[in-house]
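Please load the model in your viewer and keep a selection panel at hand. The stops below are meant to be taken in order.

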Amino acid sequence: MADPKRAAAKRSASRGKTKKKRRSPWLRVLGWTGLGLAVLALLGITAVVIAYGTVKIPDQNADFKTNTTFVYYNDGKTQLGSFQVQNRVSVNYDDMNQYAKDAIVAAENQTFWTDPGFDPSALARAVVSVFGPEQTVGGSTLTQQYIKVMYLTQEKTLQRKATEILLAVKIGQQVPKEEILERYLNTVYFGRGAYGIEAASQAYFGKPQSKLTQPEAVALVDIVNSPGNLDPAVSENAASDLLERYQYTLNALVDMGKLTSAERSKIYDELPEFPEIKKDSAKGGPKGFLLKMAEDELKQLGFSDAQINGGGLTIVTTFDRKAQDAVVEVAQRYAKQIGGKKHAKDVHPGIASIDNATGGVIALYGGPDYTKNFINWGMTRRPTGSTFKPYALTAALRQGWTLQDKVNGNTVTPPGEKKPIYGRYGRISLLQATTRSINPAYVDLVIKLENGHDSVVQAAEDAGVPHDPSWDDTGYRIPLGGGQISPLSQAEGYSTFANQGRHVGWHVIDHVVDSHGEVLYQAEVKPEQTMESDVATDVTYALTKVAQDGTGRRAAQLGWPAAGKTGTYYNSQLEVTQASWFVGFTKQITTAVMVVSGDKGTGNLDDYAPGGFYGSGYPSMIWLDYMKVAMKGKDRVDFAGPTSRVSTQKPETSKSSKPASETPTASATPSESITPTVPETTEPTTAPPTTAPPTTAPPTTAPPTTAPPTTAPTKPTSAPATTATQPAKEQDEAQTGDG
């Protein structure tokens, strides 16, 4: 029988053990929570490890890999402008300003050289910034800032921030710190449209970053912190805020041992001087037209947009700085003189000047500001007036005519037309008709030529002038200039005369060099004999007479042997003068001047000259003033010619191209009473003619060549052709002093 006391003791002990095993519910919760957290931590670490291992460095943002392409005048030193996606010039780490490298680390990331690519203490601030209204300043390392710009976007999300940190660690492990800093300083935005320290140094201080003083370098990199708010040119408050940031950086430099206290005290109290740097629009002003021409030609040569705008190329053009400055000054001065202060903007000189030997465009005036009006008047086609006559003269000389052969200067009614072209000059030589710009004589010439109209068109195209549809309906009146040509194309065409029939197409790109110094393109001069040499020589001789004794005699004041032709287009239907010209050349340079008015260049020029607006007036004056600068320092070179044909008299009946039945004109007697459609006038009082003695260059005899005429390749103009107006009631020299 069991002992009752012992049994009771066992039961008591058993109850005690049972109570000891029971724990508080709260302890169980805490235990499970701890275990859960440990598991989550392990999973988190695992996830981070997996994310780190799988995250890939994405492709760089393309815009931040670009470098500015610089465009220069023909000296290769004077900058004309630039093309860019972002204004940037990359610099190697070793060539970077040491003051700038130290300052950016001191200001933005003092642990840069030792941290793993991110700052753990800033992680909490970064998370908070995701939910804040503004981005937290100083929450990212330089490595993170570089990654955000080069690889990611600016969005504020936890996912983007996490990716940024992972990439910062990965790149920090794979890329040397020096290279990271180099990339950052070549990438970051400094304000004023400048990306990278080199462009920024030019934008703020007007000099290379390598030349920055320590105060300048410190102030410049401090602007990176908030470019829109720390540019001292913005306001006094911005300058004050920049000074505060500048002093903070100086203190940090002292703490880092990069600057002594004594050195700090010398530069601490005020910012370095920021010079006034005038930065206009990339294509603002007259230069914008030149840059657009260069850009268009580069594309024609096969350069891509990416190469042009971000390839870091060096483009050397054919434009001459002195000549270009002169053409802008002269064009704008005469626009004001013609239109006055109120209407100067309505007067449009279009000027193009070509180097005859190379075809390089040395100067062009397209307008006062490309960004305000894209019409390039130097490349816009308008009716030429009598500056088309040399092509008719070319056609005649090709068919065996000489400058002594005579045509009818009296009233002429072209076959198939009812409206006559009035004149009272009798039978005059082609030389006289050219010198005095006699309209009926030239129309009579085209009537007598074999394939009259088409032969003139062929001559113009062989000179290098691109065909324009407005020529097609001009008929026998084609030499009167109802057809349209641009100043640049006229300069190209007349330069063929100056080159004795050798055509050289115009161009504006001389050569292109890449960022490594390799020449990618070099222009080649390839003259082509598109016109018989003796024909071009005699046309030039006739045009020298125009410049000495005729409607273009103002050109004789130049001081170099010169040749040229005036032109005035009068729209008889609207009774307005719509275009006025002078195209002239020396042996070295050909320059075409066109003056038009109105928004579309079809206004009435007579509004600005009550006595009539003629090529012998303002256009000749513009040409002369510009050419005096363009020709300065150049040798005096005489033209070849005339040829032996000039003194050869041929009877009219010997020319099969002049049948008697094709002469439906008025009587050839000069004394016959004929009333012109335009009363006799004198030169405009605003532009009186001047008489200068002819040049002393003796005529020489040049043997004719046998080169057959060919069709020259043409270059399209940048402006679209406009609908041709009615045939011109061209006012010739005997009536108005111009043609």
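The tour goes from a sheet to the helices on it and then to the nonpolar cores.

This is a predicted model, in which local features need pLDDT of at least 70 and side-chain atom pairs count only at pLDDT 80 or more, while totals for chains, interfaces and linings use all residues. Residues are numbered from 1 along each chain as its sequence is written, and side-chain values use heavy atoms, with hydrogens and water left out.

**The sheet**

Select the open sheet of 5 strands, whose order is S7-S6-S18-S17-S16 with antiparallel pairing; strands (E, at least two residues) and helices (H or I, at least four residues) are DSSP runs numbered from the N terminus, and two strands pair if DSSP finds at least two bridges between them. At its edges are strand S7 (361-365) and S16, each of which pairs on one side only. On average, neighbouring strands of this sheet are turned by 10° against each other, direction ignored, where axes are lines fitted to C-alpha atoms, for helices over the stretch in contact, and angles between N-to-C directions run from 0 to 180 degrees.

Next, colour strand S6 (residues 347-355), which is joined to S7 by 4 bridges in an antiparallel arrangement, and find Ile 351 opposite Tyr 365 in S7.

Move to strand S16 (residues 563-571): 9 of its 9 residues are buried, so the strand is largely enclosed by the rest of the structure, buried meaning under 20% relative accessible area with a 1.4 Å probe and protein chains only. In a regular strand, side chains alternate between the two faces of the sheet. Here both faces are covered, with buried residues including Lys 565 and Tyr 569 on one side and Thr 566 and Tyr 570 on the other.

S16 runs antiparallel to strand S17 (residues 576-585), to which 9 bridges join it, and Ala 563 stands opposite Phe 585 in S17. Their hairpin has 4 residues between the strands, and Glu 575 there takes a positive phi near 60°.

Helix H21 lies across S16 and S17 and runs at about 75° to S16.

**The cores**

Finally, select Tyr 391, Leu 488 and Phe 497, the residues with the most contacts inside the largest nonpolar core, which has 78 residues; such a core is a set of buried Ala, Val, Leu, Ile, Met, Phe, Trp, Tyr and Cys residues joined through side-chain atoms within 4.5 Å. Helix H21 (residues 533-549) supplies the largest share of this core, 7 residues. Apart from it lies another core, of 43 residues, among them Ala 103, Phe 112, Ala 219 and Ile 267.

Conventions. Buried < 20%, exposed > 50% of the residue type's maximum accessible area, 1.4 Å probe, protein only. Contact = heavy atoms within 4.5 Å.
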